[in-house]
Amino acid sequence: MPSTTPLEIDHLTFRYHSRTEPAIKDINLTVESGQVVLIAGASGCGKTTLARCINGLIPRSYKGDLKGSIKVYGKNIQDLSLARISQMVGTVLQDPERQILGTKVVNEVSFGLENLGWSREKIMQTASSVLTRLKIPHLRNRETFHLSGGEKQKVALAGVLAMKPSLLLLDEPLASLDPASALEALEMVRTLADEGMTVLMVEHRVEDVLKIKPDRVLFMKEGEVHYDGPASGLNHKVDYHEVKLPAPLIIKLAAKDPIPAPIIPLKNVANLPHKTLVEFKKITYGYDADTEVLHGINLQIRRGDVIAVLGPNGSGKTTLMKHAIGLLKPKSGEVLVEGRNSRDMTVAEIASNLG
């Protein structure tokens, strides 16, 4: 009789060929249906490596020494093809650029279903349903190249959900999402879990994920699981410097830390002239004739400035930055880089001043 347990990991250890030490060590984990499991930890602790083992990319795409076993519904993934694993384990990568293949959103969401040989009618119905569920039906006919980072993240998730996997693996799904979109995505994850889907979420933004009450939290450090239990136990086991805990808890824990040394500005920097490095003069831009993304932007960026560019997904933040580094040229107006018009400069020339 087939096992009903979505995921069983037994004494899993993996070392990349390029390293001398294992990236993960002796991981043991059993996940039940309908659970939301948050996997947290500082960068380099082994979270993504664990995810690559679960979705089969290790050892197929990433080579190294693998010990232990992973079973999905009782089937050892070493005995399954990557195509078969992808139907059981849906993966959304941290960088959606690496996952999106279709030129248009509807083509991207339909891609996996086409490979499964579904009828066109069923594919279109499923694609429309998923886009509506993620509240992005307006993106249906947009070109994926022209989407914002957050929009691409949603489209990548739509493509995976269309395949209706039993186990959903999310590698930092909130990285490119604004707060409102992140909350929408998390609420949808909670709904999917309540409907029976098993969700493993690798995420630094622990504070946000805790809002949907994950069933378990795994805290990893140096390739090992240091904590596996309810979210309520995090404050006793987790270093708040390594993951983003809720603000009230951080304040409480930080009060016990020694007072940090004061930050003293460098005198030679403070005395430099406050010259303008980049200037936007009445910039307008649109990716097509009917849609304008930037509307008459005026902005000066001076030496020593620290500027936060904020706004919801699709508001034009990435488009603005692409103008600064010369990847895009304005429809009207001027971008001046140290006094020179970006239209007269190559991307390489701009890169010598702007990283």
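**Notebook: salt bridges, cores and a pocket**

I searched the whole structure for salt bridges (a side-chain nitrogen of Lys or Arg within 4 Å of a carboxyl oxygen of Asp or Glu) and found nine. The model is predicted, so I note that local features need pLDDT of at least 70 and side-chain atom pairs count only at pLDDT 80 or more, while totals for chains, interfaces and linings use all residues. Residues are numbered from 1 along each chain as its sequence is written, and side-chain values use heavy atoms, with hydrogens and water left out.

**Entry on charged pairs**

I looked up Glu97 and found a salt bridge with Lys152, the closest N and O atoms being 2.5 Å apart. Because Glu97 lies in the loop between β6 and α4 and Lys152 in helix α6, the pair ties together parts that are 55 residues apart in sequence. Helices (H or I, at least four residues) and strands (E, at least two) are DSSP runs, numbered from the N terminus. For burial I used relative accessible area: buried is under 20%, exposed over 50%, and partly exposed in between (1.4 Å probe, protein chains only). Lys152 is buried at 7%, whereas Glu97 is partly exposed at 49%.

I next took Arg216, which forms a salt bridge with Asp228 at 2.8 Å between the closest N and O atoms. This pair links strand β9 (residues 216–221) with strand β10 (residues 224–229). I also recorded a network of salt bridges that links Arg190, Asp194 and Asp215.

**Entry on nonpolar cores**

I define a nonpolar core as a set of buried Ala, Val, Leu, Ile, Met, Phe, Trp, Tyr and Cys residues joined through side-chain atoms within 4.5 Å. The largest has 51 residues, and those that touch the most other members are Leu134, Leu161, Leu168, Leu170, Val199 and Leu245. Helix α7 (residues 179–194) gives the most to this core, with seven residues. A second, separate core of 31 residues includes Leu50, Cys53, Ile58 and Met220.

I then examined helix α1 (residues 47–54), where seven of eight residues are buried; Leu50 and Cys53 are among them.

**Entry on the largest pocket**

A pocket, on a 1 Å grid over the protein atoms alone, is an open set of points where a 1.4 Å probe fits, with protein on both sides within 12 Å along at least five of seven lines; lining residues have an atom within 4 Å of a point. I noted 21 lining residues for the largest pocket, the closest to its centre being Ser86, Thr91, Gln99, Phe111 and Val160. Helix α4 supplies the largest share of the lining, five residues.
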